[in-house]
Amino acid sequence: MNPLSSIYGAVVRARNALYDRELLRARRLQAPVVSVGNISAGGSGKTPFVMLLGELLKARGVKFDVLSRGYGRKSRGVLLVDPGGLPQEFGDEPLLIARKLQAPVIVGEDRFEAGRFAESRFGLQMHLLDDGFQHRGLARDFDIVLVTPQDASDRMLPGGRLREPLRALGRADAIVLASGATQESFPVHGKMVWRVKRGIVTEAVPPRPVVFCGIARPQNFVLQLRAANIEPAAQAFYHDHYAYSESDVRELLALRERSEAGGFVTTEKDAVNLGPYLSALTPLSVVRVRMELVDAANAIDTMLHKIEEKRRGA
């Protein structure tokens, strides 16, 4: 065990114990809060799941907003995301969610204050808390946690990718098995277990493309492309939430020339982060993530019933 991982784990346990014993108290908004999170650092599919959940709620006529930290933004405080804005102002994932769902997305370091802003601006409607499992300062009515196969055997940060140990799943209401995760690998007794199918949608992919991305697990993206019979001529990987510059675009164009590639392929999140440079990389195919919740009707019915029960008993 990495000694730094041991120290990190001790700090996490101590913080959780303070909340569990109510020595630290979570603040509660007036409207219900549904948290979508994970126990590892990036790559579990939280953002696609938030968008999937939003679409399922919209289909039922449930009004909602999304509360997000706005990771990677240069701004501060509570802001309503402008879908036509820039990732430097709001963060790439909140922008993507706002554009996809056409629902209010509010960013703020303090998600309670972001929720208060939402309630004052849009009334009392459900709040979806993006990446909220570790944000224990905000009380929630339903906790959804995505897990991947790697989480079952991983170590705590910084030696591994786990933000919390597996036993933290005891706080969850629903555990979502993603990327082929199996129920037997996780402590799910007494929890709702949901399954998602995840794939990609490709359109107008150029021949032998340069594949580039700035996401948590880029090799998974490449594997998905190869499964769709798309073989890269070259690859370029950047760190998660990468903000592209003019020099990056020049390097990508030079890489295309050297590898004699037919164009470029990237993710929706990277397309957001390219901003005004997007049009310089042509032809470019932006790959969309397709996520499906197995037995979605029953899962959403159960979630809404549990929330109603909890609110009545509060």
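This is a predicted model: local features need pLDDT of at least 70, side-chain atom pairs count only at pLDDT 80 or more; totals for chains, interfaces and linings use all residues.
Q: Is H2 roughly parallel or roughly antiparallel to H4?
A: Helix H2 (residues 46-59) packs on helix H4 (residues 92-101) with the two axes 10 Å apart and an angle of about 25° between them. Because angles under 35 degrees count as roughly parallel, H2 is placed relative to H4 as roughly parallel.

Q: Is the crossing of H2 and H4 left-handed or right-handed?
A: The two helices pack with their axes 10 Å apart. Where H2 passes H4, the crossing is right-handed.

Q: Why is H2 described as roughly perpendicular to H9?
A: The axes of H2 and helix H9 (residues 296-313) lie 11 Å apart, and the helices pack at an angle of about 80°. Since angles of 65 to 115 degrees count as roughly perpendicular, the description of H2 relative to H9 as roughly perpendicular follows from the angle of about 80°.

Q: Which residues lie nearest the centre of the second largest pocket?
A: The second largest pocket holds about 390 Å³ of space, and helix H1 (3-20) and strand S6 (142-147) are the elements that give two or more residues to its lining. The lining residues divide into 10 charged, 6 nonpolar and no polar. Of the 16 residues that line the pocket, those nearest its centre are Tyr19, Ala26, Arg136, Ala139 and Arg140.

Q: What is the omega of the cis peptide bond from Leu157 to Pro158?
A: Pro158 is placed in the loop between S6 and strand S7 (174-177). The bond that joins Leu157 to Pro158 is cis, and its omega is near -5°.

Q: Where does Pro283 lie?
A: The peptide bond from Thr282 to Pro283 is cis, with omega near -10°. Pro283 itself lies in the loop between helix H8 (268-274) and strand S12 (284-293).

Q: What is the phi of Asn229?
A: Asn229 is found in the loop between helix H6 (218-227) and strand S10 (234-237). Its phi is positive, in a residue other than glycine, and the value is near 65°.

Technical notes: Residues are numbered from 1 along each chain as its sequence is written. Side-chain values use heavy atoms; hydrogens and water are left out. Axes are lines fitted to C-alpha atoms, for helices over the stretch in contact, and angles run from 0 to 180 degrees between N-to-C directions. Helices (H or I, at least four residues) and strands (E, at least two) are DSSP runs, numbered from the N terminus. Angles under 35 degrees count as roughly parallel, over 145 as roughly antiparallel, 65 to 115 as roughly perpendicular and the rest as oblique. A crossing is left-handed if the near helix is turned anticlockwise from the far one by less than a right angle, and right-handed if clockwise. On a 1 Å grid over the protein atoms alone, a cavity is a set of points where a 1.4 Å probe fits but cannot get out, and a pocket is an open set with protein on both sides within 12 Å along at least five of seven lines; lining residues have an atom within 4 Å of a point. Grid points are joined across faces, edges and corners, and a volume is the space filled by probe spheres set on the points. Ala, Val, Leu, Ile, Met, Phe, Trp, Tyr, Cys and Pro count as nonpolar, Asp, Glu, Lys and Arg as charged, and the others, Gly among them, as polar.
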